[in-house]
Amino acid sequence: MQELLGHPAVQGGIAPFATALVVALALFGARLGGLAVGAALATAVYLIGGFAFPPVSAQQKILLVSLAVPVVGVIVDLAFKPTRAAAAVLGLIFGVLVLWVGINVLRQKETTALLIAAGGVFALTAWLTSAMFALRDDPVRAGAAALALGLGLGVSAMLSASASYGQYAVSVGAGAGAFLLVQMLLNRNIVAGATLTLSAGVACGLIASGALLASPFSPYAAAVLALIPVAVRLPAPKGGLWLQAITVSIYGGIVALAACLLSWPGVQQRLGF
Amino acid sequence: MKKALLAAALAALPFTAQANPESYTIDPNHTFMYWEVEHLGVSMQRGRFERTSGKFTLDRAAKTGGVELAVETASLSSGDNVKGSRPRTLDDHLRTADFFNVAEFPRMSFKSTGVKFAGDVPSEIAGQLTLLGVTRPLTLKVERWVCKDNPMNKKPMCGGNASATVKRTDFGMKYGVPAIGDEVRLWVSMEGYKD
């Protein structure tokens with residue numbers, strides 16, 4: 001059993017997916033099916049390194065914030081009625097938070113490199129937070145975007161950054177996949193809300209930023225991944241939830257695949273990156 | 001009473017005169033930290049850091065000393081550093097946040113807090129190892145220690161070998177445990193020239 005739980009695919013994908021499926025099935029009636037993503041990430045964190053850590057490194061800070069965000073999502077969903085400015089304000093908050101996450105790396109950089117790196121991770125995290133949050137009332141597109149974002153970032157990070165960053169991102173994708181599957185099994189929408197969209201958007205924004213700052217993660221791949229919340233908004237057939245879910249997942253998947261290809265060193269060399 | 005104090009002070013004079021701390025600067029071309037860790041329960045894999053700097057002091061009469069080492073973690077070398085068509089080498093992977101996280105923590109350091117002597121050579125160096133922003137106590141066992149003049153340039157030098165075992169999870173390096181062992185054996189080969 002210990003050997004099974006130590007396998008990277010189980011830690012990052014299978015176990016988080018199973019947990020997320022249970023959470024989504026158990027809590028969708030209470031409008032909290034979106035907790036599937038947080039549950040998936042928490043499972044991966046527990047299996048990969050455990051919860052006992054002081055927030056010293058960027059990765060530890062990312063995990064701390066990402067595990068707390070589902071709670072923020074629940075509060076936003078159940079206690080507030082988000083205004084038009086909510087997406088921008090949340091983007092700004094988590095955009096600033098990523099600077100705290102990356103402070104150890106950022107302060108070692110020269111002024112120009114510092115401004116580029118800080119501006120880049122701020123923009124990426126703020127955009128992913130806002131763009132994902134804007135999908136909160138469309139659970140199929142929100143689930144498909146989180147699925148593509150998690151898997152695309154996960155595979156890209158495994159190829160060019162760190163395996164653990166990759167596993168954490170894949171667990172987000174696994175959680176979103178479970179959320180989407182529950183809708184397909186029930187053949188009806190379940191609430192995504194801020195609980196799902198913030199969990200996925202913030203976690204992926206922070207993980208991508210961590211990979212950019214601490215590893216040779218391709219900024220081109222990160223830029224392409226940022227298009228996923230837009231890609232899933234493309235028109236989808238109105239022939240039922242299954243067809244719609246598969247279609248928008250393919251939209252997101254194509255963009256995610258492009259990001260993965262850009263992370264492959266051979267492709268980077270050919271494109272002259 | 002005054003005579004007794006004077007006599008004691010005079011008696012101690014030869015010993016205080018012998019106390020002679022000497023400081024040495026690390027020779028980076030002959031100072032390396034090596035590691036050894038179990039891989040998949042099969043073999044022990046080894047590697048080393050190519051760049052280390054620091055200083056040490058030694059007072060063989062007073063039997064005291066101190067060591068400060070700074071290891072540049074980005075200089076690690078496992079032997080696998082040619083990427084070819086792969087996404088990355090083992091060296092690349094070891095530099096990521098999974099292991100040494102060199103972009104965020106470019107230095108590992110050791111600062112001694114006390115040195116034990118066996119005869120007139122150091123036998124144990126207790127100190128603090130800082131890795132990945134976490135500081136933990138570490139005691140290096142000195143396996144050999146020699147002071148002599150360099151036969152080529154005639155400069156006075158000292159050096160030797162020391163080793164210790166750490167648990168990498170104590171420093172937050174949890175990736176791959178237990179497939180990649182938690183216990184890491186560290187060796188230091190160190191040489192320094194007298195300032």
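Mentor: Contact here means heavy atoms within 4.5 Å. The model is predicted.

Trainee: How many residues of chain A are in contact with chain B, and with how many residues of chain B?

Mentor: Contact is counted by residue on each side of the interface. For chain A and chain B, the count is 29 residues of chain A against 19 residues of chain B.

Trainee: What area is buried between chain A and chain B?

Mentor: The size of an interface is often given as the accessible area lost when the parts come together. Carbon and sulfur atoms give 52% of the area buried between chain A and chain B. The total is about 1700 Å².

Trainee: Which three residues supply more than any other three of the area that chain A buries against chain B?

Mentor: The leading trio supplies 22% of the area on the chain A side. Its members are Val56(A), Gln108(A) and Ala214(A).

Trainee: How many salt bridges does the rule find across the interface of chain A and chain B?

Mentor: A salt bridge needs a Lys or Arg nitrogen within 4 Å of a carboxyl oxygen of Asp or Glu. By class, the side of chain A that touches chain B has 17 nonpolar, twelve polar and no charged residues. Between the two chains, nine residue pairs are in polar contact, both residues at pLDDT 80 or more. The number of salt bridges across this interface is zero.

Trainee: Which residues form a salt bridge with the closest N and O atoms 3.3 Å apart?

Mentor: The structure holds eleven salt bridges over all chains. One of the two residues asked for is in strand E4 (residues 52–59) of chain B and the other in the segment after E11 of chain B, 140 residues apart. The pair is Lys55(B) and Asp195(B).

Trainee: How are H4(A) and H9(A) placed, parallel or perpendicular to each other?

Mentor: The axes of H4 (residues 58–79) and H9 (residues 163–186) of chain A come within 12 Å and cross at roughly 10 degrees. Ile62(A) and Leu63(A) are among the H4(A) residues at this contact, and Tyr165(A) and Tyr168(A) are among those in H9(A). An angle under 35 degrees counts as roughly parallel. H4(A) and H9(A) are therefore roughly parallel.

Trainee: Which residue in the loop between H9 and H10 of chain A has a positive phi?

Mentor: Most residues other than glycine have a negative phi. In chain B, Leu40(B) has a positive phi of about 55 degrees, and Leu40(B) is in the loop between strand E2 (32–39) and strand E3 (43–49). In the chain A loop between H9 and H10, the residue with phi near 55 degrees is Asn187(A).

How values were computed:
Residues numbered from 1 in each chain as written. Chains lettered and ligands numbered in written order. Predicted model: local features only at pLDDT ≥ 70, side-chain atom pairs only at ≥ 80, totals over all residues. Heavy atoms only, no water. Axes fitted to C-alpha atoms, helices over the stretch in contact; angles between N-to-C directions. Helix = DSSP H or I, 4+ residues; strand = E, 2+ residues; numbered from the N terminus. Parallel < 35°, antiparallel > 145°, perpendicular 65-115°, else oblique. Buried area = accessible area lost by both parts, 1.4 Å probe. Salt bridge = Lys/Arg side-chain N within 4 Å of Asp/Glu carboxyl O. Polar contact = N/O pair within 3.5 Å; in protein donor to acceptor, adjacent residues only side chain to side chain. Nonpolar A, V, L, I, M, F, W, Y, C, P; charged D, E, K, R; others polar.
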